[in-house]
Amino acid sequence: MSADPTVVVPALLTAAGLAPSAEEVAVMIAEYPARAQAIEALWAVEAARYEEPCVVFRAEP
Amino acid sequence: MTGTLPAPATTDLADLTATELLAAFAAGTATPSQAVEACLARVAATDEVHNAVLLLLADRARAAAAESDARWAAGTARPLEGVPYGLKDIVATAGITTTGGSSLFSDFVPTEDAALAARLADAGGVLLAKLSTFEFACGGAVNRTFGPTRNPWDPQRTTGGSSSGSGAALALGQVPLAIGTDTGGSIRIPAAFCGLTGIKATHGRVPRHGVMGLSWTMDHAGPMARSVADCALMLDVIAGPDPRDPTTLPLEAEPFTAALGRDVTGMRVARPRGFLEGGMHPAVAAAHEAALAELAATGVEIVDVELPTFDLAAVASWWIIYAEMLSLHEAHADRIEDRDEMGASLLGAAPFVSAADYLRALRLRPRFQRELADAMAGCDALVTPAMTSLPPLIAPQMVSDLGDHEVPWLEAACRTSVPFNLTGSPAMVLPSGLVEGMPVSLQLVGRPRDEASLFALGAAYQAATDHHMRRPPVLAR
Amino acid sequence: MYLSITDAAAALRSGETTSVALTEAGYAVADAHDEALGVYLRRFDETALAAAAKADEELAAGVDKGPLHGIPLGIKDIIATDEGETTAQSLVLDREWGTMGDAPVVARLRAAGAVITGKLTTMEYAIGIPDVEKPFPVPRNPWNTDHYPGGSSSGTGNGVAAGMFLGGLGTDTGGSIRYPATSCGITGLKQTFGRVPKFGCVPLGYSYDHIGPMARTAADCAAMLAVIAGHDARDACSVDRPVDDYVSGLTGSLEGMRIGVDPLLAASELTVPELEEVLAAATAELTAAGATVVPVELPLYKELTTATMVGMAAESYAYHRGDLQSRWADYGSGTRMAVSIGALVSGGDHVQAQRVRRAGQKMVAELFADVDLIVTPTSACGAPEIEKLTFDAIIGALHTPYWNALGNPAMSVPMGYTRDGLPLGLQIVGRPFDEAAVLAAGHAYQLRTDWHTHVPAMVSDLLAA
């Protein structure tokens with residue numbers, strides 16, 4: 001993922017209505033690329049291409 | 001009710017229901033081969049205008065019909081022996097292209113049948129055609145690759161979708177049975193717009209294995225036909241557990257056809273007058289009142305109930321569909337400009353749904369289920385209008401006419417349908433009359449796993465009325 | 001002093017000790033060391049001693065409720081109990097929550113005669129790292145109080161290790177039972193997802209959360225699991241299937257068992273060099289007990305770890321979003337940072353993680369077609385220093401989250417020490433709902449080794465008394 005974390009992270013936090021300190025935002029920005037890369041690896045799992053998610057849903061609550 | 005001519009008396013096998021065909025085959029007054037020829041002739045006569053068929057399987061169907069002829073003669077007929085049917089083209093068929101209604105899959109040939117396709121074939125059904133669909137079951141009414149499907153009652157209007165070809169083919173008599181799929185109403189919307197009977201059974205009733213997914217927890221596959229009896233017949237064949245679909249339900253003790261003809265006197269049906277009867281075109285609303293009176297006349301008691309938060313159910317439903325479809329169609333999101341209108345807008349919105357929004361919607365789901373269960377306490381079913389408007393005119397960005405104003409068509413079309421994808425409840429649509437020459441319909445919603453009550457009520461309604469017998473004027477010419 | 005539930009249960013029945021004596025002995029350790037170790041959030045001395053006295057009367061009268069009768073146990077403070085409020089070690093949690101009374105797991109322990117000694121420290125809402133600025137104890141490791149005891153079931157882990165009670169309940173979403181177990185040198189079991197109902201427990205990651213036993217030995221965990229396992233419809237994830245007889249399955253022999261081992265040495269940058277040797281010695285004991293040990297490679301290792309971390313963040317954020325918006329500063333820094341990761345995850349990402357889980361389940365099921373159990377180290381290293389704690393470093397060392405994505409039962413048993421004298425754990429994993437095999441292997445291993453009997457120096461005098 002090539003998106004600039006200094007743009008993406010503050011935007012997502014703003015959209016979520018969260019207001020961390022500048023220091024905390026800086027930590028989140030620093031940690032974001034590694035996590036984005038890890039998530040990207042989930043999209044690359046070939047075996048999951050036609051797999052069902054582990055979301056349990058029954059018509060009876 | 002404005003009058004169209006009643007369906008003309010006919011011996012054309014293409015106009016018979018599956019139940020009637022099976023009786024004719026059993027009596028020896030018709031053969032599967034004759035039925036297949038009648039259907040092929042009907043396709044030839046009607047499909048140029050209406051575009052229901054993506055792929056006609058004439059040779060295969062004739063070969064299968066010949067085998068069915070032999071089985072009827074030999075006394076080894078199976079439950080659907082020799083009955084022609086069509087499959088929405090998101091249902092995988094081994095060795096036969098399955099396009100998903102998309103240019104991306106125009107050459108895709110699966111190596112394995114979908115679970116339900118295999119069951120229909122094993123029951124002796126004759127696959128006649130792969131039918132049109134909105135792209136990936138979520139694109140717009142104008143399929144850019146395969147063209148729009150036109151409503152048999154008025155070719156300027158949409159069939160609705162996404163099971164567009166299934167709707168048109170049934171109304172035109174091209175096939176007596178078809179499979180549709182329903183994530184937000186895609187069986188019930190075209191059934192209502194084309195004057196058909198269709199049922200989205202309880203989530204898990206019909207295995208989804210081999211049916212191109214859109215949203216796992218909202219997707220349902222199911223029968224579309226020209227009568228309640230035919231829907232029960234088809235559902236009996238395709239229902240039942242499949243290890244490849246982790247959400248499938250066990251079989252019920254009794255077949256669904258056993259509920260047909262059951263006495264409905266004294267059954268109670270809940271009527272929610274709030275959101276689910278809100279925003280209706282006045283003429284459709286008036287027709288709904290008339291239909292409820294007919295339903296009551298079958299001996300059913302209709303009681304008013306409240307579903308106070310169901311206006312939120314639609315919102316929650318869309319968030320779930322967005323998140324789940326992005327996971328499945330992520331590979332197609334970067335060429336979004338090549339996708340059909342509606343799918344592109346859904347896929348375009350999906351990245352803005354956060355995981356928390358998705359989970360919030362999932363957490364609300366049991367609340368809506370309980371709200372519905374509470375409202376239906378003491379009742380056997382719930383009744384709503386199937387559609388709040390008439391089918392819109394075909395256009396790139398369609399709108400629904402509500403009498404004094406217009407709304408985006410999807411908002412009107414899904415208003416009464418998508419909440420029951422969210423709850424997973426069984427929901428049946430059946431014709432209840434004509435308004436301005438276009439069909440209008442009732443929706444009956446059941447308790448989870450209680451399709452039987454819907455079949456009993458629907459069969460009683462169709463025994464007392466002839467709305468489902470009416471055919472589009474084009475067939476009278 | 002009795003360190004294991006099994007030994008104490010025998011002594012209670014032979015008249016060598018009483019439940020009151022066991023309970024008082026544990027409280028005496030707490031009086032001496034709780035300030036240093038940060039185990040209890042609230043003690044229930046009065047009700048616990050009353051329950052102990054009642055247990056003694058019952059046992060004397062021949063009323064025997066089984067192996068937990070009269071045994072002092074502690075409860076992580078995210079699980080509701082009759083004694084009153086549950087805090088989740090947070091200023092945020094509405095104190096009205098938890099006033100519903102005993103969670104099913106606690107009710108079942110009580111019905112089995114257990115003595116509930118108090119509510120134990122946790123990382124706030126079972127996630128993150130301690131925040132010294134919040135008015136809660138900072139839990140410390142009895143093997144070296146400069147070090148973390150592991151989390152988030154910190155108080156259950158260090159309390160058992162220190163002998164303040166004989167066992168307790170922890171919860172495990174990414175490793176929060178097995179991490180304090182390995183860090184404190186005790187035994188902890190995350191059973192199969194759905195095996196133990198989690199109603200009455202503050203949620204973290206709905207589809208990853210487990211409540212499980214922590215104690216000195218595998219046999220003790222078997223006794224506890226036998227009591228807390230079983231269906232309860234109030235937990236939508238609870239599975240309705242019969243509970244095995246875990247205790248009588250502890251034969252001590254592993255004859256005929258095939259055990260796969262994946263050392264995962266390269267899977268973490270934090271692997272200590274001595275881990276390889278310690279693990280090899282542990283697997284040699286499994287061989288000596290009759291098992292055939294074969295190498296295996298866990299599929300999708302990083303991806304399934306990510307699937308747990310992403311899913312946990314998203315699911316916990318869905319629960320906390322409103323409070324994070326309005327009460328950011330009331331949350332501890334570690335918790336709010338860990339949970340807010342969920343705000344950076346899309347709905348599609350979450351669904352994709354759920355799809356990777358199912359793909360992974362199928363691949364791991366294929367592994368389990370060839371072996372009965374899989375063992376790995378629980379962690380790549382010993383518990384870190386509290387001063388240097390970061391959430392990412394904890395996750396980077398743990399080999400536990402993988403199994404939360406999959407749902408298999410996984411237990412940590414002590415298997416030795418780092419060069420710095422910090423405990424290391426062996427993780428034993430079984431097929432879904434085959435806790436019996438996991439516990440049997442842990443028990444056989446503990447019959448041949450004595451790591452689980454070691455007690456930290458700081459409490460050894462008291463415990464020897």
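Modeller: Axes are lines fitted to C-alpha atoms, for helices over the stretch in contact, with angles from 0 to 180 degrees between N-to-C directions. Helices (H or I, at least four residues) and strands (E, at least two) are DSSP runs, numbered from the N terminus. It's a predicted model: local features need pLDDT of at least 70, side-chain atom pairs count only at pLDDT 80 or more, and totals for chains, interfaces and linings use all residues. Residues are numbered from 1 along each chain as written, chains are lettered from A and ligands numbered from 1 in written order, and side-chain values use heavy atoms, without hydrogens or water.

Biologist: At roughly what angle do the axes of α9(B) and α11(C) cross?

Modeller: These are residues 310–329 of chain B and 347–370 of chain C. The axes come within 7 Å, and the crossing angle is roughly 65°.

Biologist: How many charged residues are in that contact?

Modeller: Contact means heavy atoms within 4.5 Å. On the α9(B) side, B:E324 and B:L326 are among the residues that meet α11(C), whose own set includes C:V351 and C:R355. With Asp, Glu, Lys and Arg as charged, Ala, Val, Leu, Ile, Met, Phe, Trp, Tyr, Cys and Pro as nonpolar, and the others, Gly among them, as polar, the count is 4 nonpolar, 4 polar and, for charged, 2.

Biologist: Which strands stand at the edges of the chain C sheet?

Modeller: That open, mixed sheet has 11 strands, ordered β1-β3-β2-β4-β6-β5-β10-β11-β9-β7-β8. Each edge strand has a single partner, so one side is left without a neighbour; the two are β1 and β8.

Biologist: In β10(C), which residue is the bridge partner of C:K190?

Modeller: Two strands pair if DSSP finds at least two bridges between them. β5 (187–190) and β10 (410–417) of chain C run antiparallel over 3 bridges. The partner of C:K190 is C:A410.

Biologist: Which element gives the most to the lining of the largest cavity?

Modeller: A cavity is a set of points on a 1 Å grid over the protein atoms alone where a 1.4 Å probe fits but cannot get out, and lining residues have an atom within 4 Å of a point. The largest one is lined by 19 residues, with C:F391 and C:I395 among those nearest its centre. By class, the lining is 12 nonpolar, 7 polar and no charged. With 3 residues, the top contributor is α12(C).

Definitions and conventions
1 Å grid on protein atoms, 1.4 Å probe; cavity = no way out; pocket = protein on both sides within 12 Å on 5 of 7 lines; lining within 4 Å.
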